[in-house]
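Here's a quick briefing to read with the structure open. Have a look at the chain first, then work through the topics below.

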Amino acid sequence: MNGNDEQPNDGSFLINGYKDAQSYYQDALRSILTATRASCDLPAAGVDFDYYSSFNGFKAFLIREGQSILSLMTCLIQSQGIREKFQGSELEEKFDLLTEVNNVILDNVSTNLDEASGLKKSEEELILAVKPQSSINTSWNKKQFNSSCPQSYKLLTAKNISRPQLAFKDKIDNTNSIFVPIIKEKPNSIKPLAIILEKDGNREEFCHPYELEIEKFEPAEEHLQSVEPELPKPLEETPFIFVKTEEQLKHMCDDLKKSKEFAVDLEHHSYRSFQGFACLMQISTREKDYVIDVLELRGELHILNEVFTNPKILKVFHGADMDILWLQRDFGLYVVNLFDTGQAARVLHFAHLSLSYLLKHYYRKDLDKKFQLADWRIRPIPPEMLKYAREDTHYLLYIYDCLKNDLISNGNEMKNLLLSTFERSKMICLKRYQKPVFSDDKYLELYKKSKKTFNAKQLYCLKELFAWRDKIARENDESLAYVLPNHMLLQVAEALPREQQGILACCNPIPPLVKQQLNELHSIVLKANESSLKQLETLEFQANTQTPKINNQIDLSSMVHCPHDIHHLEDRKNQSTYHSTSNSEITLPLLRKELSSSSLLKKRPTLSLLFDIIPKKVKTSDPSVEQSTKKVVEVISNLISPFKRFQVTEQLQSEQQRSETRQRSETQDKEMPVQDQNTAIHQDLNEECTITKESAEIQEPCISNEPINESCEILESTPLRKKNKKRKKRKANPDISLIDSTESGKPPNKKSCTPEVVVLDDDSFTPYDYSQAEHNSIFGKKNSKEMRQDNQTKFQTPGRNFGKKRKHAKQT
């Protein structure tokens with residue numbers, strides 16, 4: 001830029017019209033908030049939206065603005081490298097595309113932030129600048145190299161390379177059966193080699209040959225001590241050996257036996273093989289780097305078991321979960337004494353677990369990962385790919401030293417973090433390889449993941465195509481993705497094309513095996529279109545009702561369930577009888593002389609006593625033990641379950657309630673209610689008051705608990721509210737008190753009820769001596785019950801018809 005060049009007049013910094021990023025951020029945020037607020041003001045889905053949609057102006061406005069927003073979103077996603085469009089797609093497709101775009105944008109943001117903070121260096125585009133003597137005809141390098149115009153490639157697969165598995169001495173077994181370990185010898189063994197078939201639930205698999213050795217392994221003391229990290233030599237100064245003959249392999253094995261630790265890594269290929277196979281093995285010690293061509297030495301690598309299973313030699317892997325399985329499947333190799341740097345990074349809670357991150361963290365070096373997706377079947381291997389393979393293990397031992405020191409420093413005195421890493425590594429070593437097994441309902445997993453809705457014909461077609469793809473892949477030793485990718489398989493099953501050209505139109509690009517087997521594919525689709533309704537309904541029902549079966553049976557021998565309270569299981573009499581019979585043969589444990597409670601503990605409860613089965617007698621020579629056993633049997637035999645107790649208690653309560661009701665009815669029948677004599681009493685009030693003053697003791701008012709007459713009889717079924725109302729009615733019409741309110745000078749007690757009117761005959765009347773009376777009874781010290789008893793003893797109680805006789809006498 002020349003010195004005379006002038007800056008823009010508007011003073012823009014990043015974008016025209018904005019001085020800095022902060023002003024652009026504020027303006028964008030304000031616009032987003034305004035748009036969100038405006039969208040919230042639109043009519044909500046439902047009646048309001050339907051009402052406004054009936055107006056043509058509102059409907060046209062929505063369509064116009066919707067198209068504008070979709071076009072804007074399409075421009076945004078195309079700027080991120082996604083060649084899709086929102087226009088013309090269904091709602092589900094739009095949602096899936098929006099989710100994918102958000103993931104891509106967030107990944108780009110995370111990568112840019114890491115690059116800005118210095119955690120990650122920007123990746124350069126892969127450029128192959130080396131011009132070989134002859135062109136390598138592979139899918140990642142079809143054109144001739146041109147130094148003036150370099151090309152960038154994605155290293156995915158190679159089309160024209162001869163298939164290495166055709167040259168293997170032992171042919172690959174792709175049958176739908178259990179994987180059989182191929183190990184023939186077992187060095188460094190504690191237990192002799194025995195390949196035994198084991199059953200784990202519904203799955204069968206062969207045992208792990210080194211399971212006992214791995215479980216008994218404990219890291220040596222030298223591997224639990226802090227060390228000074230030993231910096232690796234530069235890659236150019238480190239001796240490198242490419243092992244491709246059996247003699248070189250034996251020399252390498254001898255060198256590894258002398259070392260205390262070495263690093264291992266594998267390069268794998270899975271696109272042109274059903275199970276996949278390893279293509280390279282990298283091993284690095286403190287002094288040398290080895291790269292082994294395992295395609296050439298596939299049948300000879302079993303001799304590495306001498307060092308791989310040696311517990312005194314430490315093997316360092318990074319992310320060994322798949323490497324351990326590949327070693328078992330292809331070479332019959334097993335690992336004892338493993339340290340996984342990936343597990344160590346997890347224990348230390350690192351932000352990232354990749355090898356490139358650990359190398360950047362400890363060694364300040366960026367690891368080139370542009371050959372990560374390369375086709376490692378290529379022979380001869382280019383120098384750039386060999387360098388990439390060496391770097392995976394060259395720095396791994398130094399990273400191991402640093403991680404071990406961090407684990408010790410961050411752990412406690414017992415070195416818990418370091419020991420935890422070794423335990424996690426042991427669990428990885430105990431993994432067993434399993435072949436992919438085909439089942440008739442396995443297609444449902446793909447169907448559920450696709451989130452599509454198929455009818456019966458489409459489901460039938462999907463099932464048949466899934467089975468055909470698995471069969472072709474096993475027969476030709478090709479991956480499922482190579483035969484027919486999942487998205488193409490779903491497209492064919494959904495479209496159900498009636499012509500062969502329609503099948504090819506659903507596949508872009510067309511897989512080679514689809515072209516070869518086009519007639520068979522076409523017959524499968526036609527069969528799905530012409531299949532019977534009954535068969536399709538059965539298949540659709542199977543797809544809709546695929547749920548795991550839940551076993552509701554109760555294990556009566558389990559300690560979780562009470563072995564005594566099983567009376568509610570009488571409907572399962574056969575099952576209960578079976579369990580009781582099986583458990584009845586278990587005798588009671590012998591008791592000690594001290595009769596300690598611990599001697600009565602059992603791993604499983606005995607249900608024999610619950611089903612009236614006599615337990616076997618315990619044979620012993622000690623009479624005290626026999627007596628103690630009898631006592632225990634008697635105590636347990638008299639045990640009543642909680643459910644049985646509840647039944648007995650409920651029966652007793654019902655009987656008690658019935659007896660109380662019967663007694664109450666009998667007492668009510670015996671006691672006749674007092675007749676209402678209010679009219680007669682009002683006529684002779686003054687005369688009766690005078691007589692009662694001279695002849696009767698004034699009784700304290702009491703509340704009578706007995707009913708007045710039969711009409712006021714309260715049954716048990718009468719609600720409490722009605723009882724209270726009836727009591728209030730009785731209080732509203734009390735009997736006439738013997739005390740005259742005008743003479744007593746005190747108002748009558750509102751809360752008390754007046755006693756019954758007592759009228760005595762003149763012949764049987766005897767005056768009462770008040771000097772001998774008890775004052776406590778006069779002033780209300782006794783309760784109402786005692787007052788009634790005293791009155792009955794001191795006065796002669798008249799008959800029931802005394803009031804009637806008195807009235808009749810006066811009339812005569």
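Predicted model: local features only at pLDDT ≥ 70, side-chain atom pairs only at ≥ 80, totals over all residues.

**Around helix α10**

*How α10 packs*

- Helix α10 covers residues 355–363 and helix α12 covers residues 396–410; their axes come within 10 Å.
- The two axes cross at roughly 70 degrees, and α10 and α12 are therefore roughly perpendicular to each other, as angles of 65 to 115 degrees count that way.
- On the α10 side, the residues that meet α12 are L355, L358, L359, Y362 and Y363.
- On the α12 side, their partners are L396, Y398, I399, C402, L403 and D406.
- Which residues of α10 are buried? They are L355, Y357, L358, L359 and Y362.
- The cover over those buried α10 residues includes α9 (341–347) and α11 (383–394) as well as α12.

*Backbone spots to check*

- Two cis peptide bonds deserve a look: R379 to P380 has omega near 0 degrees, and so does N508 to P509.
- P380 sits in the loop between α10 and α11, while P509 is in the loop between α18 (500–505) and α19 (512–516).
- For context, most peptide bonds are trans.
- K415 isn't a glycine, yet its phi is positive, near 55 degrees. You'll find K415 in the loop between α12 and α13 (416–429).
- Is K415 buried or exposed? K415 has a relative accessible area of 18%, which is under the 20% cut-off, so K415 counts as buried.
- K451 is another residue other than glycine with a positive phi, near 60 degrees. Its place is the loop between α14 (443–450) and α15 (456–476).
- K451 reaches 68% relative accessibility, and because the cut-off is over 50%, K451 counts as exposed.

*Salt bridges*

- The count of salt bridges comes to 25. As background, side chains of opposite charge can pair when their charged atoms come close.
- R272 pairs with E478, with the closest N and O atoms 2.8 Å apart. This pair ties together distant parts of the chain, 206 residues apart: R272 is in the loop between β4 (261–269) and β5 (277–284), and E478 is in the loop between α15 and α16 (480–483).
- Both R272 and E478 are buried.
- E205 and R203 form a salt bridge too, with their closest N and O atoms 3.8 Å apart. E205 is buried at 8% relative accessibility, whereas R203 is partly exposed at 39%.
- E205 and R203 belong to a network of salt bridges that also takes in E198 and R432.
- In helix α1, R30 bridges to D27, the closest N and O atoms being 3.6 Å apart.
- Why are R30 and D27 about one helical turn from each other? They are three residues apart in helix α1, so about one turn separates them.
- D27 counts as partly exposed, at 27% relative accessibility.

*A nonpolar surface patch*

- Y25, L29 and L33 make up a nonpolar patch on the surface, and together they have about 280 Å² of accessible area.
- L29 lies in helix α1, which runs over residues 21–40. With 34% relative accessibility, L29 counts as partly exposed.

*The chain as a whole*

- The chain has 31 helices and eight strands.
- What share of the 812 residues counts as buried? The figure is 33%.
- Among contacts between residues at least 6 apart in sequence, 66% join residues at least 24 apart.

Definitions and conventions:
Residues numbered from 1 in each chain as written. Heavy atoms only, no water. Patch = residues over 30% accessible without salt bridge, like charges linked within 9 Å, V, L, I, M, F, W, Y side chains within 5 Å. Areas by Shrake-Rupley, 256 points an atom, 1.4 Å probe, with all protein chains shown as cover. Salt bridge = Lys/Arg side-chain N within 4 Å of Asp/Glu carboxyl O. Helix = DSSP H or I, 4+ residues; strand = E, 2+ residues; numbered from the N terminus. Buried < 20%, exposed > 50% of the residue type's maximum accessible area, 1.4 Å probe, protein only. Axes fitted to C-alpha atoms, helices over the stretch in contact; angles between N-to-C directions. Parallel < 35°, antiparallel > 145°, perpendicular 65-115°, else oblique. Contact = heavy atoms within 4.5 Å.
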